Amino acid sequence: MVYPLQSFAQKLVGRRPLEPIEESESPEAHLNTLELVALGVSRTLGASVYILTGAVALSVAGPATVISFLVAGLSCVMSGLCYAEFGAWVPCFGTVYLYSYITVGQLCAFITGWNLILSLAIGTTSVAQAWSYTFDSLIGNHISQALQETFSPYKPSFLATYPDFCTLGLVLLITRVLVLGARESTLVNKVFTVINILVLSFIILSGFIKGDLHNWELTEQDYKMNASGSTDIYSLERLDPLGSGGFMPFGFEGILHGAATCFYAFLGFDSIAMRGEEALNPQHSIPFSIMISLFICFLAYFGVSAALTLMVPYYQIQPKSPLPQAFLHVGWGPARYVVAVGTLCALTSSLLGTMFTMPWLIYAMAKDGLLFQGLAWIYDRTGTPVIAIMASGNIAGVMALLFEFMDLVDLVSVGTLLAYSLVIFSVLVLRYQPYQILSKKEKTEDKIEMKSEIEGSPLNSGPEAGTSNILKSLWFPPSTIPTRKSGQIVYGCASLIVLLLTILSLLLAQWSSQVFSGDPGLTTVAVLLLLLITGVTVIIWRQPQDPTYLYFKVPALPVLPLVSIFVNIYLMMQTTSGTWALFGIWAAIGSVIYFGYGIRHSLEENNEQQPPASTSQTLDKNILGAGSS
């Protein structure tokens with residue numbers, strides 16, 4: 001029984017070897033820092049800035065939405081730094097899925113890819129819903145009113161208020177365009193990004209001109225006065241708690257819950273890290289582009305949420321079309337059409353970018369055997385993965401038809417936070433491992449060298465080494481470069497810390513008031529957890545790091561990655577039980593596919609027929625919509 005279990009474990013951590021790519025296959029370096037920033041901003045500023053700000057301000061954080069965006073932005077900055085190093089480890093073009101497969105192993109790659117599929121599917125759905133809401137608002141809400149009157153009396157309580165056929169039709173239309181072989185245009189990307197920034201600048205300036213600081217100091221009396229004289233049916237019919245008023249009507253808990261939701265707003269920056277081979281001077285342009293694009297996006301979110309909550313009392317915000325309705329509220333009716341048209345342009349760009357990406361990720365996983373092989377079929381005439389495109393369109397379409405925007409946003413936040421945490425964990429562990437990225441030939445040769453090195457190591461000199469030598473090696477490693485033993489120590493310690501951070505996050509999320517008020521039992525548990533985490537962190541810090549030169553390395557290792565993992569886990573704990581139930585269903589489906597099909601049909605299982613990573617790398621050029629015109 002030992003051998004089958006050992007073989008099974010080896011499959012889970014089996015890594016893809018990296019073959020050197022031919023010069024003819026290598027993409028030409030042509031993206032400067034400005035173009036990378038434009039790429040990141042266009043991928044990031046989508047439905048979130050036009051719809052999410054209003055939804056979070058309405059019932060989650062109030063005017064303190066600006067702080068929620070700040071917390072989410074700081075978390076993304078730390079994740080972005082880790083993404084930049086993760087891309088530097090693998091000298092080829094590809095997605096984080098491919099990088100995970102090459103550096104960490106098959107199981108981590110599947111989890112990352114599966115969660116990214118969820119992220120892209122919901123990203124497509126939410127952007128399409130935002131487009132539908134904006135268009136409907138532009139024509140007087142006739143579509144939503146008709147659908148609501150027709151279907152609302154018959155719908156189950158856990159589904160959307162009404163089936164959004166307009167969004168479904170938009171998703172299917174884009175799917176049809178992709179099947180016909182359409183390619184993404186860098187020029188169109190830039191034009192829509194410029195329009196997006198101009199519209200957002202207009203919204204922010206208008207908000208500070210027409211805004212009223214009193215809307216950040218509202219009381220219950222203000223609500224009653226507004227409600228008694230208001231003709232706004234939506235605000236009168238609201239049954240949700242209004243909070244305690246002021247700048248933080250839902251308290252610090254509302255800010256954290258808002259931050260977990262707002263994390264979705266920063267998705268897209270990872271596309272920069274995946275374009276390293278197309279970047280001019282990547283050692284500087286990649287990390288700087290990530291930081292600049294995140295900073296620009298944060299300023300946009302901060303400015304728009306501040307402008308919105310200054311123009312309109314947070315409890316009167318229209319969640320499905322907040323910005324056009326805000327201009328109507330302050331008496332600038334014609335301006336709402338300008339905002340609506342700009343919104344449609346920005347959302348169209350974001351929708352195309354997301355829809356281009358998802359089918360190629362599904363295709364890459366199917367090509368590796370982790371998903372059904374039929375999804376990897378390419379139609380020769382157009383060069384597109386038709387089955388993968390149809391599958392991604394159907395997934396997004398069904399989600400758009402059945403679920404509300406905010407339910408999907410919370411779900412994608414959980415999946416993406418988990419995927420990002422896996423990337424951060426991988427970066428932390430990789431820095432302390434020997435023999436990182438090897439070709440097939442190097443992999444065989446270095447296994448022999450590694451074996452001889454380990455056999456000669458004092459840590460493996462026999463039983464006489466004893467427990468004292470093992471404990472000594474934790475604090476005083478015998479080698480100045482990573483060994484297999486030191487790598488195992490870091491892997492084990494990092495896994496233990498993640499478990500401890502999860503317990504601590506759960507403790508703080510569920511019983512924070514008792515912990516900080518000095519409850520003897522809970523406070524003692526929290527302090528013990530902190531001491532254990534600190535001790536294990538010191539053990540990791542004492543281990544030797546890989547001296548390999550990289551274009552970019554995360555500073556303050558291991559502290560910064562561990563802090564980032566803690567923030568991500570804590571934000572995940574802020575989501576509702578319903579969101580976790582939906583995520584559990586998605587994870588269960590993925591588990592059935594992987595253990596029932598993927599692990600038996602993966603390329604690791606058929607090692608003799610395994611193509612080099614450079615082949616997938618060539619195919620992965622399409623994953624991020626690399627085509628330009």
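The axes of helix α21 (residues 484–516) and helix α23 come within 9 Å and cross at roughly 40°. That angle makes α21 oblique to α23. The crossing of the two helices is right-handed.

**The α21 and α23 pair**

Which residues of α21 meet α23? They are I497, V498, L501, T502, L504, S505, L508 and A509. On the α23 side, the partners are L562, I565, F566, I569 and Y570. The contact between α21 and α23 divides into 11 nonpolar residues, two polar and no charged.

**The whole protein**

The protein has 629 residues, and 55% of them count as buried. It has 25 helices and zero strands. Take the contacts between residues at least 6 apart in sequence: 84% of these join residues at least 24 apart.

How confident is the prediction? The mean pLDDT of the protein is 78. Of its residues, 80% reach 70 or more. Over residues 233–240, the pLDDT is below 50. That stretch still has 14 contacts in the model beyond near neighbours in sequence. Residues 438–465 also have a pLDDT below 50. Where pLDDT is low, the predicted coordinates should not be read in detail.

**The α6 and α24 pair**

Now turn to another helix pair. Helix α6 covers residues 106–138, and helix α24 covers residues 577–601. The two pack at an angle of about 135°, with their axes 11 Å apart. They are therefore oblique to each other. The crossing of α6 and α24 is right-handed.

From α6, the contact uses Q106, L107, F110, W114, N115, I117 and L118. From α24, it uses F583, W586, A587, I589, G590, I593, Y594 and I599. The residues of this contact divide into 12 nonpolar, three polar and no charged.

**The loop between α22 and α23**

Helix α22 spans 520–542, helix α23 spans 559–572, and P558 sits in the loop between them. The peptide bond from L557 to P558 is cis, with omega near 5°. A556 has its place in the loop between α22 and α23.

A556 is exposed, because its relative accessible area of 51% is over the 50% cut-off.

Q545 lies in the loop between α22 and α23 as well. Along the chain, Q545 and L557 are 12 residues apart. Their C-alpha atoms are separated by 9.7 Å. L557 is among the residues that Q545 touches, not counting residues up to four places away in sequence.

Is T65 buried or exposed? T65 is buried, with a relative accessible area of 0%. T65 is found in helix α4, which covers residues 65–89. Not counting residues up to four places away in sequence, T65 touches T53, V56, A57 and S305.

G268 is found in the loop between α12 (251–262) and α13 (270–273). Its relative accessible area is 11%, under the 20% cut-off, so G268 is buried. Leaving aside neighbours within four places in sequence, G268 is in contact with R43, T44 and Y420. G268 and T354 are 86 residues apart in sequence. In space, G268 and T354 are 9.1 Å apart, C-alpha to C-alpha.

**Accessibility by residue**

The table gathers the residues discussed above.

| Residue | Relative accessible area | State |
|---|---|---|
| T65 | 0% | buried |
| G268 | 11% | buried |
| Q545 | 29% | partly exposed |
| A556 | 51% | exposed |

Definitions and conventions. Residues are numbered from 1 along each chain as its sequence is written. This is a predicted model: local features need pLDDT of at least 70, side-chain atom pairs count only at pLDDT 80 or more; totals for chains, interfaces and linings use all residues. Side-chain values use heavy atoms; hydrogens and water are left out. Helices (H or I, at least four residues) and strands (E, at least two) are DSSP runs, numbered from the N terminus. Buried means under 20% relative accessible area, exposed over 50%, partly exposed in between (1.4 Å probe, protein chains only). Axes are lines fitted to C-alpha atoms, for helices over the stretch in contact, and angles run from 0 to 180 degrees between N-to-C directions. Angles under 35 degrees count as roughly parallel, over 145 as roughly antiparallel, 65 to 115 as roughly perpendicular and the rest as oblique. A crossing is left-handed if the near helix is turned anticlockwise from the far one by less than a right angle, and right-handed if clockwise. Contact means heavy atoms within 4.5 Å. Ala, Val, Leu, Ile, Met, Phe, Trp, Tyr, Cys and Pro count as nonpolar, Asp, Glu, Lys and Arg as charged, and the others, Gly among them, as polar. pLDDT is the predictor's confidence in each residue, from 0 to 100.
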